[in-house]
Amino acid sequence: MSIAEDDIKKFERADCEQDRVFYQAMEEVICSISPLLESDERYARHAILERLVVPDRIIKFKVVWMDDNQNIQVNTGYRVQFNNSLGPYKGGLRFHPTVNEGILKFLGFEQILKNSLTGLPIGGGKGGSDFDPKGKSDFEVMKFCSAFMTELHKYIGPRMDIPAGDIGVGAREIGYLFGEYKKITSSYEGVLTGKPFMFGGSLMRPEATGYGAVYFTETMLDMEGKESLEGKICTISGAGNVALHAIEKLQQIGAIPVTCTDSKGTIYDPRGVDLCLLKELKLEKRASLEEYIVAHPEAKYIPVSEYPKGGHAVWDIPCYAAFPCATQNELTEIDAQNLISNGCISVTEGANMPSTPDAVDAFLAHKLCFAPAKAANAGGVAVSEFEMAQNASMSKWSFEKVDDKLKETMQQICKRVSLTAKDYGVEGNYVDGANIAGFKRVADAMIAEGI
Ligand code: NDP
């Protein structure tokens, strides 16, 4: 039995279904880093893996709030503080009915290595609630956020743990959370990132993850000797913060993004999607994508129910580059085979772990340029760290300054990942490169800091 198989068996407890995605993420990392563990005995001697896969602490709490009909509602809130070897815990909050401890452990674990890859002084964490903001009034969202922060404020701080947004948590939610924190603590400090610009947010934070994923892809294609994205058809899933800003940057550089999706269906507009309309539908009205075809009857809307089980319509549309930007495990092996047989040459994960392990294996076996999430979507957390730096120094950076620093950060991550893969004999494998480079920096800090 190899070190990797041994280690996976040691940490897995398959009795907990909630932890399935966490084990999926952990297995991938353990397989990737086994050459490093075999070549340097310090990591075993200091029990780095044993220590890294267990969060420092998981805070779980009850959130009680009152809806518009005067009914009392009860949700569960969480904060997983995973590892702070490189800096204060940092990672988003997700509000979605599927949120549970296992999903947040998976996201927090990924966040440790992602934050490490940025080269910035930030540790890893994640949090959220099973609260669903969809269909709630602004007042109800405010009531929930206030109740959530009543408990969370005890565990966070600008040098301790700095949450941000994720699925279901955008500028509106961050605003309400910040307002409540300020009220409880009487302290006006940068305890959350993703704040609106008028009270301490950074320019470009909303754009950062989507733009960063495109910057990463351009660098990767260039390094791998492939044609650039200009003039090329791109397919994107999701219609939220990450997806819409990836579409925006792709359009700016002359690519042709033709799709987007939400939880109910896919829009395929072969002439290129209408971004203004998408922003109006998804960011302002919070409506279904189905409404897109009212303004553009020539586009196609494919409801989720109309596509055969196991695959997704968006990945069956021919493209040069694909950008899964919705949620975990949304791109299956069937989807990967469809992308490959339709001539796709590049896949960039804007969402966290959107490709299943079988899909990743298929991409790597067919030598696609594959940019894994923890490297490709690190632009969001990088700009969050820039927001922390601006808050700490009471300064405001221009859009150009943030954009330049974001681009430089994404290019550096891409080069670091590619060079690491080469150093460990897996040239072109950005999954292994990202896991090894991310792990090494955290592990070395853990050794230096002692137990
Ligand atoms: P949003 O809430 O803004 O958008 C999420 C999008 O994905 C929506 O279009 C939503 O559809 C769709 N979606 C969510 N869950 C599902 C599901 N189970 N099945 C199908 N579609 C789904 O989130 P973000 O854009 O912020 O985040 C998207 C991904 O990117 C997540 O994996 C997140 O963790 C990751 N990420 C986000 C960062 C950020 O800066 N925001 C940073 C790094 C990673 P609908 O509109 O119907 O709800």
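Okay, let's start with where the ligand sits: domain 1 (3-188) and domain 2 (208-371) both give residues to the shell around the ligand, so the ligand lies between them. Those domain bounds come from an automatic or database domain assignment.

Quick housekeeping before I go on. This is a predicted model, so local features need pLDDT of at least 70 and side-chain atom pairs count only at pLDDT 80 or more, while totals for chains, interfaces and linings use all residues. Residues are numbered from 1 along each chain as its sequence is written, and side-chain values use heavy atoms, with hydrogens and water left out.

Which residues come nearest? Out of 25 residues around the ligand, the answer is Lys 134, Asp 166, Thr 209, Ser 263 and Asn 352. A residue is near a molecule here if one of its heavy atoms lies within 4 Å of it. Split by class, that shell has twelve polar, seven charged and six nonpolar residues. For the classes, Ala, Val, Leu, Ile, Met, Phe, Trp, Tyr, Cys and Pro are nonpolar, Asp, Glu, Lys and Arg are charged, and the others, Gly among them, are polar.

Now some individual distances to ligand oxygens. Arg 205 puts a polar side-chain atom 3.1 Å from an oxygen atom of the ligand. With the backbone, a polar atom of Ala 239 is 2.9 Å from a ligand oxygen, and a polar backbone atom of Asn 241 is also 2.9 Å from an oxygen atom of the ligand. The cut-off for a polar contact is a pair of N or O atoms within 3.5 Å. How much of the ligand does the protein cover? It covers 82% of the 900 Å² of accessible area that the ligand has on its own, with areas from the Shrake-Rupley method and a 1.4 Å probe. And the elements giving two or more residues to the shell are helix H8 (205-223) and helix H9 (241-252). Helices here are DSSP runs of H or I with at least four residues, strands are E runs of at least two, and both are numbered from the N terminus.

Next, the annotation. UniProt, in an unreviewed entry, lists Lys 126 under "active site"; bear in mind that such annotations may be inferred rather than shown by experiment. Lys 126 lies in strand E4, residues 124-129. Is Lys 126 buried or exposed? Its relative accessible area is 2%, so Lys 126 is buried. Buried means under 20%, exposed over 50%, and partly exposed in between, with a 1.4 Å probe and protein chains only.

Let me walk through a few other strand residues. Trp 65 lies in strand E1, residues 57-66, and counts as buried because its relative accessibility is 6%. From Trp 65 to Pro 372 you go 307 residues in sequence and 38 Å in space, C-alpha to C-alpha. Val 80, in strand E2 (residues 72-83), is at 0% and therefore buried. Its C-alpha is 9.3 Å from that of Gly 91, eleven residues apart along the chain.

Then two loop residues with backbone angles worth a look. Gln 70 has phi near 65°, a positive value in a residue other than glycine. Gln 70 is in the loop between E1 and E2, and at 57% relative accessibility it counts as exposed. Ser 186 is not a glycine either, yet has a positive phi of about 55°. You'll find Ser 186 in the loop between helix H7 (171-185) and H8, exposed at 68% relative accessibility.

Last stop, two helix residues. Val 360 is in helix H13, residues 357-365, and is buried at 8%. Val 360 and Pro 372 are twelve residues apart along the chain, with C-alpha atoms separated by 8.9 Å. Ile 293 is in helix H11, residues 292-295, and counts as partly exposed because its relative accessibility is 28%. Ile 293 and Ile 267 are 26 residues apart in sequence, but their C-alpha atoms are 8.2 Å apart in space.

Terms used. Polar contact = N/O pair within 3.5 Å; in protein donor to acceptor, adjacent residues only side chain to side chain.
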